[in-house]
Amino acid sequence: MNPPAPPRLRLAGIRKVYPTVVANDGIALAVEAGEIHAVLGENGAGKSTLMKIIYGAARPSAGEMWWEGERVEVANPAQARALGIGMVFQHFSLFETLTVAENVALALPGKPPLSELARRIEEVSQHYGLPVDPRRHVHALSVGERQRVEIVRCLLQNPKLLIMDEPTSVLTPQAVEKLFDTLRQLAAEGCSILYISHKLDEIQALCHTATVLRGGRVSGHCRPAEETPQSMARLMTGRDLPVCEHGPAAAGGEVRLRLAGLSHASDDPFGTDLKDIHLDVHAGEIVGIAGVSGNGQQELLRAISGEDIIAEKFPVQICGVEAGRLSAGRRRRLGLCFVPEERLGRGTVPSMSLTDNAVLTAARNARLVHAGFVAFGRARRFAAECIARFDVRCGGPQVEAESLSGGNLQKFIVGREMLQAPRVFVCAQPTWGVDVGAAAFIRQAIIDLRNRGCAVLVVSEELDELFEICDRIAVMAQGRLSPARPAAETGVENIGLWMSGLWPGADGSATETGRAAA
Ligand SMILES: Nc1ncnc2c1ncn2[C@@H]1O[C@H](COP(=O)(O)OP(=O)(O)OP(=O)(O)O)[C@@H](O)[C@H]1O
């Protein structure tokens, strides 16, 4: 009898030390051909670091990697690709001004003629049900289409192992289903898949096996189909998931944020113009905005936060002040705090420390400036309080924002804004990339903020999240906003229908019922 084939990938004793943290510590892992293997763990558990080591994008401090029975050292991604390892990153790595085919050409060895490449792209995209037009420019593609390009680019190299780091955070539920079909087909053809996600129901639906990391070490293995999301969360965190406590909103709070016929043309030729948006958010309530991204949410958030100054004062009113022409700083002084969707670059300056990043938005509200000078002691204490209260796993207030794992940076930004005791809190995608325990914590913190009388506006693509925390929900489609309905009086299906722009009175002008409901 032949001895069993060695696993496709085997890791032994992988260790990675960063200056302030041991990100991976003695990690062992084996993946067989055709296996879809999840890597689970809280934010900062070391998942992305481990994937980068396998893909040659980070060098381990110690440990061994075996590929189909052979000991290998992967010094860079080109070597990983030559072995047959492909990776789709959490953040896209495409050049927007190039076409799909040109982007793909950049990742392939040699210089295949573009016409030949276009034919191969079409072949692969047809075979795996991933429609992609090789001639289109990337800037004109939706996020779902861009992700298909990333996957097709990997598949053209016939990978034997595909690594996917949180691939579904930007996808609609329908696109997730399609992606899963593709991944199942790949696995059936013998490709191994390493899959990272915080969405435990997705892991259950897709993955055959799972390795759980905690604090950089392997804390367990499981078969997701035999677990529940709760039991997997317990394996990751060592405790039960908290349940959100959400009572009814206090009635009769004053209007803190009013959008009064807000129209605004987007600066971006591929952006969405805002069209006659009406909405009131009262003290002591949470209003959610649902919708597929790219329907004007970014433009709306920019118009509210002051990143975009609009033509007139009255369409944006914050705490009774007509604020449409005020700068972002002046709006913050009125009591507005804001969490943008993009963590690095807009939410924080990547190369600055957490303390300095705290000063950037909390200087006035948290009194971090005294007599015109930054009070660094206070700023450090503020950042340290944020780290402690929001359980931000990092080396301390002095570390650079870019050294935090995605979820921990999100917790820091949300904490920094909430600790300023906002009167109006506007938050985009509050739990993007955040682990289940931290997501429950952030949702409860938003509810507590509302219970203390803050007016809260949450923009999220996750309908379950909106239904869990919001008092009223509106939908954004093609630059328009539907009436906001009490969450208890509507359902996922109804909101899903409205996402295509089909709400009562959606004929181009806000209706009286719409305005009354808003
Ligand atoms: N370039 C870096 N420099 C310093 N520390 C880093 C760097 N990259 C990661 N770390 C640290 O290593 C630890 C593990 O981070 P990693 O990104 O692997 O976690 P993760 O499990 O992928 O988290 P998330 O789910 O939030 O993405 C974290 O404490 C992080 O702060």
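**Sheets, domains and ligand shell of the predicted model**

Four strands make up an open sheet in the order 2-1-4-5, and their pairing is antiparallel. Strands here are DSSP runs of E with at least two residues, helices are runs of H or I with at least four residues, and both are numbered from the N terminus. Two strands count as paired if DSSP finds at least two bridges between them. At the edges of this sheet are strand 2 and strand 5 (70-72), each of which pairs on one side only. From one strand to the next the twist averages 25°. The structure is a predicted model, in which local features need pLDDT of at least 70 and side-chain atom pairs count only at pLDDT 80 or more, while totals for chains, interfaces and linings use all residues. Residue numbers start from 1 along each chain as its sequence is written.

Tyr-18 has Val-21 in strand 2 as its bridge partner. Strand 1 also pairs with strand 4, in the antiparallel sense, over five bridges; Leu-9 stands opposite Trp-67 of strand 4. Strand 4 (residues 62-67) is joined in turn to strand 5 by three bridges, again antiparallel, and Trp-67 has Glu-70 in strand 5 as its bridge partner. Helix 1 packs on this sheet, where it touches strand 1 (9-18) and strand 2, and its direction makes about 120° with that of strand 1. Contact between two residues means that their C-beta atoms, placed from the backbone, lie within 7 Å. Axes are lines fitted to C-alpha atoms, for helices over the stretch in contact, and angles run from 0 to 180 degrees between N-to-C directions.

A second open sheet has six strands in the order 6-7-8-3-9-10, with mixed pairing. Strand 6 (85-88) and strand 10 (217-222) stand at its edges with a single partner strand each, so one side of each has no neighbour in the sheet. The twist in this sheet averages 20° from one strand to the next. Strand 7 (residues 161-165) and strand 8 (residues 192-196) run parallel and are joined by five bridges; Asp-165 stands opposite Ile-196 in strand 8. Helix 1 lies across strands 3, 6, 7, 8 and 9, at about 150° to strand 7. Helix 8 lies across strands 3, 9 and 10, at about 160° to strand 10.

The domain assignment, which is automatic or taken from a database, gives domain 1 (9-237) and domain 2 (244-335 + 422-518). Their C-alpha centres lie 34 Å apart. The contact between them takes 14 residues from domain 1 and eleven residues from domain 2. Helix 8 (residues 229-237) gives the most to the domain 1 side, with three residues.

Around the ligand there are 20 residues, of which Asn-43, Ser-48, Thr-49, Ser-405 and Gly-407 come nearest. A residue is near a molecule if its C-beta atom, placed from the backbone, lies within 6 Å of it. Strand 2 (21-31), helix 1 (47-54) and helix 13 (406-418) each supply at least two residues of this shell.
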